[in-house]
Amino acid sequence: MKLLHIDSSILGGYSATRQLSVAIVDRYRQKHPDLDVISLDLAANPLPHLDGEALSFLGKDLTEDAASNKDLVAGAKALSDFKEADILVLGVPMYNFGIPSQLKAWIDRIAIAGQTFRYGANGVEGLAGGKTVILAVARGGIYSEGTPQAAFEHQVTYLKAVLGFLGVTDVKVIEAEGLAVNGGNDRPRILAEAESVIAAL
Ligand SMILES: Cc1cc2nc3c(=O)[nH]c(=O)nc-3n(C[C@H](O)[C@H](O)[C@H](O)COP(=O)(O)O)c2cc1C
């Protein structure tokens, strides 16, 4: 069984999502000792923005020339790692109401017509079903349903939409929100609560 672990926080050792995503991976290792884990740190090793050249190679075998272009190779590897993974653990900070641009750059490399979705006779068809995705989510503020800020939440709603488009419907969310509320004093409690949810996975 293959698990792809992706972090995207720019906050290094202070990152809440990194703390939670590692705890989730550890939990899955306990449950599946033979787990094959691939880790990708999109802050340390960002994928470049999708550009015209990369677009023309999306999902295709790289030509000899293109195979020397490390950006194209990294994009092709991102796609194959995603396709091969049975479980994905994504560290997802909220930055400016959405996901980090580093994580969006990864999405741009995996959402590929003919590879992870296609338009069939009845509309769009996701081709990447059968995976489990666990999102380790953190936010400074509070955006839960029913709160005044709920309409600003473009982090989990976006990821669920795009993953669903690719056929991935088994998406679990571990959420630590309100980390900056009350001067950050509630942070230890909020993270401990998220970790107890992880322990019960
Ligand atoms: C650049 C930046 C933008 C942020 N934007 C938001 C935001 O729009 N809403 C919010 O509630 N918190 C925001 N925060 C707070 C983060 O969501 C919070 O620090 C969270 O812990 C980020 O996850 P991380 O610690 O894994 O990086 C922002 C933080 C940074 C660094």
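An oxygen atom of the ligand is placed 2.9 Å from a polar backbone atom of Phe97. The model is predicted, so local features need pLDDT of at least 70 and side-chain atom pairs pLDDT 80 or more, while totals for chains, interfaces and linings use all residues. Residues are numbered from 1 along each chain as its sequence is written, and side-chain values use heavy atoms, with hydrogens and water left out.

At Gly141, a polar backbone atom lies 2.7 Å from a ligand oxygen. At Thr17, the polar atom belongs to the side chain, and the distance to a ligand oxygen is 2.5 Å. On its own, the ligand has 620 Å² of accessible area, and the protein covers 77% of that. Accessible areas come from the Shrake-Rupley method with a 1.4 Å probe; for residues, only the protein chains shown count as cover.

Around the ligand stand 16 residues. A residue is counted as near if one of its heavy atoms lies within 4 Å. Ser9, Ser15, Thr17, Met94 and Gly141 come nearest. By class, the shell holds nine nonpolar residues, six polar ones and one charged one. In this scheme, Ala, Val, Leu, Ile, Met, Phe, Trp, Tyr, Cys and Pro are nonpolar; Asp, Glu, Lys and Arg are charged; the others, Gly among them, are polar.

Phe97 also has a backbone feature. Its phi is near 75°, a positive value in a residue other than glycine. Most residues other than glycine have a negative phi. Phe97 is in the loop between strand S3 (87–93) and helix H4 (101–110). Helices (H or I, at least four residues) and strands (E, at least two) are DSSP runs, numbered from the N terminus. Phe97 counts as partly exposed because its relative accessibility is 35%. The cut-offs are under 20% relative accessible area for buried and over 50% for exposed, with partly exposed in between (1.4 Å probe, protein chains only). Asn182 likewise has a positive phi, near 60°. Asn182 sits in the loop between S7 and H6. With a relative accessible area of 47%, Asn182 is partly exposed.

Aromatic rings were examined next. Rings of Phe, Tyr and Trp (its six-membered ring) pair if their centres lie within 6.5 Å; planes under 30 degrees apart are stacked, those over 60 are edge-to-face and the rest are tilted. The count comes to six aromatic pairs. One of them joins Phe117 and Tyr119 edge-to-face, at 5.8 Å centre to centre with 85° between the planes. Phe117 has 10% relative accessibility and therefore counts as buried. Tyr119 has 60%, so Tyr119 counts as exposed. Ring pairs also link Phe97, Tyr143 and Phe152 into a cluster.

The rule takes NZ of Lys or CZ of Arg within 6 Å of the ring centre and within 35 degrees of the ring normal. Arg187 lies over the face of Tyr14, 4.0 Å from the ring centre. Lys31 lies over the face of Tyr28, and here the distance to the ring centre is 5.2 Å.

Several residues were also placed within helices and strands. Val22 belongs to helix H1 (residues 16–31). Its relative accessible area of 39% makes Val22 partly exposed. Val22 and Val89 are 67 residues apart in sequence, yet 8.8 Å apart in space, C-alpha to C-alpha. Leu55 is part of helix H2 (residues 52–57). Leu55 is exposed, at 52% relative accessible area. From Leu55 to Leu72 there are 17 residues along the chain and 9.4 Å between C-alpha atoms. Asp170 is in strand S7 (residues 170–176) and is partly exposed, at 31%. Glu195 lies in helix H6 (residues 187–199). Glu195 is partly exposed, with a relative accessible area of 31%. Glu195 and Lys83 are 112 residues apart in sequence and 28 Å apart in space, C-alpha to C-alpha.

Terms used
Polar contact = N/O pair within 3.5 Å; in protein donor to acceptor, adjacent residues only side chain to side chain.
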